[in-house]
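I opened this notebook to record what I looked up, entry by entry. The notes go from one chain to the other.

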Amino acid sequence: MYAFEFVKPATVADAVAALAAEDAQALGGGQTLIPTMKQRLASPSVLVSLNGIAAIKGVQTDAAGRLCIGGGTTHATVAREAHARFPGLAAMASHVGDPAVRNRGTIGGSLANNDPSACYPAAALGTGATIVTNTREIAADDFFQGMFTTALEPGEIITEVKFPIPTKANYQKFVQPASRFALVAVFVAHYADGVRVAVTGASESGVFRWTEAEAALSGAFAPDAVRDLSVPADGMIGDLHGTPEYRAHLIGVLTRRAVEAAA
Amino acid sequence: MTLAAYVPHNYPLESLEPGLEETAFYDPANFTYPAGAYLCEVEVDADTGRVEVMSFTCADDFGVVINPMIVEGQVHGGVTQGIGQALLEVAVYDANGQLQTGSYMDYAMPRADDVPSFVTDHSAMTRCTHNPLGAKGCGEAGAIGSPPALVNAVIDALQSGGHDVKHIDMPLSPARVWAATQAAGAQSGGRPQAGAHGLGRPDHAGRPDHAGNPNAQGGRH
């Protein structure tokens, strides 16, 4: 790890100001950034911790009935506090990494990083969530722009994520045996006006919606509705732990299981 | 005497070096020949290729067991290593010789939830005839017995589920197991069968939730 300056502002405005410094980098829970810095793959000059900003922590419900989670909220807090209102999201949060990761890692950090195997991008895209920053609101459909790439501008901070609460939802994660990140995972959310299906871990383009399955499940919300559908292996990730064909196959299996288990 | 040998004052340093050392070698008349039988029960999720070890029963004849606790520990550690070898661990190099599994993000070590609670039996203490203790080696038994039992159990589970799979190279990762079922082609008419044991059914069910419920055993097909 190379030397860096460390600041821990107490307000979003101060954080934004600190991020204006050259090569400054926002620090959420540090579950990706710190290991990357230890390996000397990243060398920010200033690390701006967002952990001291009380205004971007917590889980609430807004007037529109959406579950609003502060960008600096840890996975463990989401697992605990979203449980009654959005059990599908709480269950997902309770299976991110291990207890140490869940008590440090944040929803904002996960979404901003947009790791192609991370869980939160699937939940945000699978619910059509709105990502709120210090300057604007971004629809999940516009936010994710390919692996490790998002609509965020340099210095922009995720302050809140607003999740429309589905009538039923489920997240099925098939873990990579070593890292236990998602080898493939599928988030299915059933709403009165339709179904959304988001897939993480599988595509070289990062998280994506399986629109064919969404259409079929919006007609009939049952595993059989998607039994004959398949995702082409083209563009899927192929690595030590699975071929593109295997990942494409798992998308179908996990989607059916998510529909079966949705509650 | 030891104290005197290590406290050099008042010591005849001119005629004798301080210290007290003695080395003796024991040359065993022969190797020891422990023997054992290992039973493994697995469930295979044929849709994903994921293997779960439901129970592992290890019966070994280590001769006279002098310290049962450390012998038990040797078997537990050995079987865990064997499960790692059979299901998880592999070192992969690319064409340029670069190690691809250079960290635990890609090299899969067995963890606590990858292994069941083991059932062991060391009651068959047939004396070794050619050492005074009557003891036999126990260090490697678990690691030697477990991989074939586990791999055979997976093959048996796949076959009883209607998949004509005869061999899968270790480690039996989900991707490899699934690929093997695809290569073999699912045969029609495969019926669910109870029991997916490499070497026969263990006498005692390893997991309480399966005890007394034979239908719960075997592959999920």
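In which sense do β2(B) and β3(B) pair, and over how many bridges? I looked this up before anything else, keeping in mind that the model is predicted. The two strands pair in the parallel sense, over four bridges. For one such pair I noted B:T57, whose bridge partner in β3(B) is B:V119.

**Entry: the unit around α2(B).** β2(B), α2(B) and β3(B) make a β-α-β unit, and I recorded its hand as right-handed. Helix α2 of chain B covers residues 68-88, which is 21 residues. From first C-alpha to last I found a reach of 29 Å, close to the 30 Å expected at 1.5 Å a residue.

I listed the buried residues of α2(B), among them B:V75, B:V79, B:I83 and B:L87. B:G78, B:G82 and B:G84 are also buried. I asked what the buried residues of α2(B) pack against. They pack against β2 (50-61), β3 (118-121) and α3 (141-160) of chain B.

**Entry: a cis bond in chain B.** I looked at the peptide bond from B:M170 to B:P171 and found it cis, with omega near -5°. I placed B:P171 in the loop between α3 and α4 (174-184) of chain B. Most peptide bonds are trans, which is why I wrote this one down.

**Entry: where the chains touch.** The contact takes 11 residues from chain A and 15 residues from chain B. On the side of chain A that touches chain B, helix α10 (residues 244-261) of chain A gives the most, with three residues. I sorted that side of chain A by class and got seven nonpolar, four polar and no charged residues.

**Entry: chain A as a whole.** I counted 10 helices and 12 strands in chain A. Its radius of gyration is 18 Å, close to the 18 Å that the globule rule gives for 263 residues, so chain A is as compact as a globular protein of that length. Along the principal axes, its C-alpha atoms fill a box of roughly 55 × 45 × 30 Å. Of the 263 residues in chain A, 48% are buried. I also took the contacts in chain A with a separation of 6 or more: residues 24 or more positions apart account for 59% of them.

**Entry: a sheet in chain A.** I traced an open sheet of four strands, in the order β9-β10-β11-β12 (chain A), with antiparallel pairing. β9 (168-175) and β12 (208-209) of chain A stand at the edges with a single partner strand each, so one side of each has no neighbour in the sheet. Between β10 (residues 182-191) and β11 (residues 194-200) of chain A I found seven bridges. In this pair, A:F187 stands opposite A:A198 in β11(A).

**Entry: two positive phi values.** Most residues other than glycine have a negative phi, so I noted the exceptions. A:N114 has a positive phi of about 50°, and I found A:N114 in the loop between α6 (107-113) and α7 (120-127) of chain A. Is A:N114 buried or exposed? A:N114 counts as buried because 23 C-beta neighbours lie inside 10 Å, and the cut-off is 20 or more.

A:F148 has a positive phi near 60°. I placed A:F148 in the loop between α8 (140-143) and β8 (158-163) of chain A. With 13 other C-beta atoms within 10 Å, A:F148 is partly exposed.

Conventions: Residues numbered from 1 in each chain as written. Chains lettered and ligands numbered in written order. Predicted model: local features only at pLDDT ≥ 70, side-chain atom pairs only at ≥ 80, totals over all residues. Expected span 1.5 Å × (residues − 1). Buried ≥ 20, exposed ≤ 12 C-beta atoms within 10 Å, placed from the backbone. Contact = placed C-beta atoms within 7 Å. Nonpolar A, V, L, I, M, F, W, Y, C, P; charged D, E, K, R; others polar. Pairing = 2+ DSSP bridges. Right-handed = clockwise from strand over helix to strand, strands pointing away. Rg over C-alpha atoms; globule rule 2.2 N^0.38 Å.
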